[in-house]
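Here are my notes from going through the model, in the order I'd look at things. Have the structure open while you read.

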Amino acid sequence: MSSQNVYILGIESSCDDTSAAILCNDQVLSNVVASQKIHEQYGGVVPELASRAHQQNIVPVIDQAIKQAGITKSDLSAIAFTRGPGLMGSLLVGTSFAKSLALSLDIPLIDVNHMQAHILAHFIDEDEYDKPEFPFLALTISGGHTQIVKVNNHFDMEIIGETIDDAVGEAFDKSAKILGLPYPGGPLVDKYAQSGDPKAFPFTKPRVDGLNFSFSGFKTAVLYFIQKQLKENPQFIEENLYDVCASIQYTIINILIDKLKKASKETGIKSIAIGGGVSANSGIRKALKDGEFKYGWKTFVPKFEYTTDNAAMIGIVGYLKYLQQDFTDMSIVAKARIKF
Ligand code: KG4
Ligand code: ZN
């Protein structure tokens, strides 16, 4: 192996996915994700159970990532881990493991901000995927976050808009729950929406100042609407599932696109990159493509496996920080809430 190559182990444990990845420079050699099924029966992530499952998964997941990459532990140049934001009990598992492994291998330790990683996932080297040029706008949409970020450089980012209550993924999941769909319902709403009429049931969009978002009122609007319809027709959901899903998705996508248009206008930036689990949504993907035509945007959607929580995105931040020799020491602690 060439001595110029940098091998990074990335570890992600901020929510309910335990993931480990190996990168050689900016290329992904392996990216193993163990998703925790245990939460499905509770209709949402249970922090205590998540932490316990991370403890069970972390050793086999890291072992598998190293094996699949075809390297050994002694090849590693550094270890990068998610410091936050996320669930404290979950973050602690990855943080403590990363610290002890770095100590035992005597290699540098690199702390990574999970939200920055969702954005920098675009810098993983992949055939057929372009890297955005600076400055660009990043829309990070997941079960925990909704942000518009002005990205001036790899590590010079500015949050210019964010949700003041629920995240967009929660809006999808909570609406799905009202419809009786299993958790996480976002992908199912997306699937059913594709066979429905998006204008069948108009939901009003929340009015929020500036570039911020609010989704808690939307969820309540869906609840009241469904309750009212069920009173008149107990079969309403079964008979209108596709149209309801299409209408929910249409409203959510409109809320996101409206703010993106505003952000693009205010900053004069037309390069737009998305990240986070909700960027798997077919509606947002289509709306962004339409934006290229309608508003002259250049849009960037990462490879599917790098949109949801994964360690490859932690690894790429590790690599970029490694190049700057930006290391941390053993006194570092996990943080549930951090900005950039
Ligand atoms: O980034 P992610 O894997 O985990 C968090 O950090 O939250 O995002 C998960 C979220 C869930 O709310 C899930 O319902 C949503 O992403 N999601 C979708 C789709 N695929 C995943 N929402 C709408 N349409 C989809 N196709
Ligand atoms: Zn995430």
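1. At what angle do helix H7 and helix H8 pack, and how far apart are their axes? This is a predicted model, and in it H7 (residues 236-267) and H8 (residues 282-295) pack at about 40°, with axes 10 Å apart. An angle between 35 and 65 degrees counts as oblique, so that's what H7 and H8 are to each other. The crossing of H7 past H8 is right-handed.

2. Who makes that contact? H7 brings Gln 249, Ile 253, Leu 256, Ile 257, Leu 260 and Lys 261, while H8 supplies Ser 282, Gly 283, Ile 284, Ala 287, Leu 288 and Tyr 295. Sorted by type, the contact residues are eight nonpolar, three polar and one charged.

3. Now the ligand. Ligand 1 has 18 residues around it, and the nearest are Gly 143, Asp 173, Asp 190, Gly 277 and Asn 281. Asp 173 also puts a polar side-chain atom 2.6 Å from an oxygen atom of ligand 1. For Asp 309, a side-chain N or O atom is 3.1 Å from a ligand oxygen. Gly 186 uses its backbone instead: an N or O atom there sits 3.3 Å from an oxygen of ligand 1.

4. Have a look at two prolines. The Gly 84 to Pro 85 peptide bond is cis, with omega near -5°, and Pro 85 is in the loop between strand E4 and helix H2. Phe 134 and Pro 135 are also joined by a cis bond, omega about -10°; Pro 135 falls in the loop between helix H3 and strand E6.

5. You'll find Asn 25 in the loop between strands E2 and E3.

Conventions
Residues numbered from 1 in each chain as written. Chains lettered and ligands numbered in written order. Predicted model: local features only at pLDDT ≥ 70, side-chain atom pairs only at ≥ 80, totals over all residues. Heavy atoms only, no water. Axes fitted to C-alpha atoms, helices over the stretch in contact; angles between N-to-C directions. Helix = DSSP H or I, 4+ residues; strand = E, 2+ residues; numbered from the N terminus. Parallel < 35°, antiparallel > 145°, perpendicular 65-115°, else oblique. Left-handed = near helix turned anticlockwise from the far one by under 90°. Contact = heavy atoms within 4.5 Å. Nonpolar A, V, L, I, M, F, W, Y, C, P; charged D, E, K, R; others polar. Near = heavy atom within 4 Å. Polar contact = N/O pair within 3.5 Å; in protein donor to acceptor, adjacent residues only side chain to side chain.
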